[in-house]
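Dear colleague,

Please find below the structure that I am handing over to you. My findings follow directly after it, and I would be grateful if you read them with the model open.

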Amino acid sequence: MPFDFPALKMFIPAFFVLGGLLAGIVLEKMVIAGIHRMARRTKWQGDEIIIGAFYRIIIFWCFLGGVYGAVFAVSPAPNIQRLLDKILLVIAILSVTLFFMRLAESFINLYAEKAKGVLPSTTLFVNIARAFILIIGLLVTLQALNIPIMPILTALGVGGLAVALALQDTLSNLFSGVQVIVSRQIRPGDYVRLSSGEEGYVTDINWRNTAIQALADNTYVIPNAKLASAIVINYNLPEPEMSVLVQVGVSYDSDLDKVEQVTVEVAKQVMNEVPGGVPEFEPFIRYHTFADFSINFSVILRVKEFIDQYPVKHEFIKRLHERYSKEGIKIPFPIRTVHLAKGIGEATAKSVAER
């Protein structure tokens, strides 16, 4: 049976496409994976990021090359050939742009992880890098299509003022977010409390908002401009460890030296046994008030971070109450003693009797 050359010619484009796809899979599974294993042995983590960025994209590039070979093998009409060439070129440029966006994101996250306290790991810088690379990719695409970009840049420059006026709030939040990050006074992972009452862990700072997760698992979304102008208490600066004050009152009949000794013993026990306490810290107390029915004092404890104060306080109050009961130390409840003058008392009693 003679070969049917027209039918064979129809299989050539499919051969190019499938061949390109197969070549991409082989490159990723064997070559890229092998180079990645070698990169893990080096001290510099950047080579792993570069190799890792090729995953999936190398298959697409080989597939795109196979599609280009298929178009070349078909030899369509010149006008269709030019159209297909431009489409494939645009797709190739955009895929390279996507590759560099992925690369920039990985390097920013790597640097942020190594330089903690200098560049927090937030989506703001990642989004800025993505936008910058995307704009460059679009300009290169327009230039490759022989579309002049200078008039576009001129128009963007002229319209920039109008856009800035229209996006005042957005730009204010953007630059406020950059200011917050660069100042390093608020970082992801910090526990903060705003003057307006919101408090919790900072989970992210993006181009518009800062996300704060409350202890109740709710999330506050604060515009960056509001955050930059607010009075904020950061419980992680200058260090996460913090002092915790517990207010206590004892009866006026108490032996204050004994109260101090017993209270410090309980506090030391809590510091050493309760998770979150600082064992090397020496607790102490300070008397400060002759109140209406008690002598009040503060017990100063130390915890590793803000959230640890709650279990430490909880356990300290329980143990202190038990120890005071054993030692006979009284924690008085509010008492009011009323003294009536003799004449007023008799008049009041007579009035009650007549009724």
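A residue is called buried when its relative accessible area is under 20%, exposed when that area is over 50%, and partly exposed in between. By this definition, 32% of the 355 residues in the protein chain are buried. Please bear in mind that the model is predicted.

**Overall composition**

The protein chain contains 11 helices and 8 strands. Its accessible surface amounts to about 22600 Å², and carbon and sulfur atoms account for 65% of that area.

**The nonpolar cores**

The largest nonpolar core has 27 residues, of which Phe297, Val299, Leu301, Phe316 and Tyr324 touch the most other members. Two or more residues come from each of β6 (242-250), α9 (256-273), β8 (295-303) and α10 (309-327). Which of these elements gives the most to the core? It is α9, with 7 residues.

Phe297 deserves a look of its own. Setting aside its neighbours within four places in sequence, Phe297 is in contact with several residues, including Val246, Val248, Val250, Val259, Ile285, Tyr287 and Tyr324. Apart from this core lies another one, of 10 residues, with Ile181, Val192, Ile205 and Ile222 among them.

**The open sheet**

An open sheet is formed by 5 strands in the order β4-β3-β2-β1-β5, with antiparallel pairing. Its edge strands, β4 (219-223) and β5 (232-234), each pair on one side only. On average, neighbouring strands of this sheet are turned by 40 degrees against each other, direction ignored.

The individual pairs can be followed in the model:

- β3 (residues 209-213) pairs with β4 in the antiparallel sense over 5 bridges; Gln213 has Thr219 in β4 as its bridge partner.
- β1 (residues 191-194) and β2 (residues 199-205) pair in the antiparallel sense over 3 bridges, and Val192 stands opposite Gly200 in β2.
- β1 and β5 run antiparallel and are joined by 3 bridges, with Leu194 opposite Val232 in β5.

The strands β1 and β2 form a hairpin with 4 residues between them, and Gly197 in the turn has a positive phi of about 110 degrees.

**Salt bridges**

Side chains of opposite charge can pair when their charged atoms come close. The whole structure holds 12 salt bridges. One of them joins the side chains of Arg130 and Glu105, at 2.6 Å from N to O. Arg130 belongs to helix α5 (residues 123-144) and Glu105 to helix α4 (residues 78-114), so that this pair links distant parts of the chain, 25 residues apart. Are these two residues buried or partly exposed? Arg130 counts as partly exposed, at 32% relative accessibility, and so does Glu105, at 26%.

Arg323 forms a salt bridge with Glu265, and their closest N and O atoms are 2.7 Å apart. Because Arg323 lies in helix α10 and Glu265 in helix α9, the pair ties together parts that are 58 residues apart in sequence. Arg323 is partly exposed, with a relative accessible area of 24%, and Glu265 is partly exposed at 35%.

A salt bridge also joins the side chains of Lys268 and Glu282, at 3.4 Å from N to O. Finally, salt bridges that share partners connect Lys258, Glu265, Arg323 and Glu327 into one network.

With kind regards

Terms used. Residues numbered from 1 in each chain as written. Predicted model: local features only at pLDDT ≥ 70, side-chain atom pairs only at ≥ 80, totals over all residues. Heavy atoms only, no water. Core = buried A, V, L, I, M, F, W, Y, C linked by side-chain atoms within 4.5 Å. Buried < 20%, exposed > 50% of the residue type's maximum accessible area, 1.4 Å probe, protein only. Contact = heavy atoms within 4.5 Å. Areas by Shrake-Rupley, 256 points an atom, 1.4 Å probe, with all protein chains shown as cover. Pairing = 2+ DSSP bridges. Axes fitted to C-alpha atoms, helices over the stretch in contact; angles between N-to-C directions. Salt bridge = Lys/Arg side-chain N within 4 Å of Asp/Glu carboxyl O.
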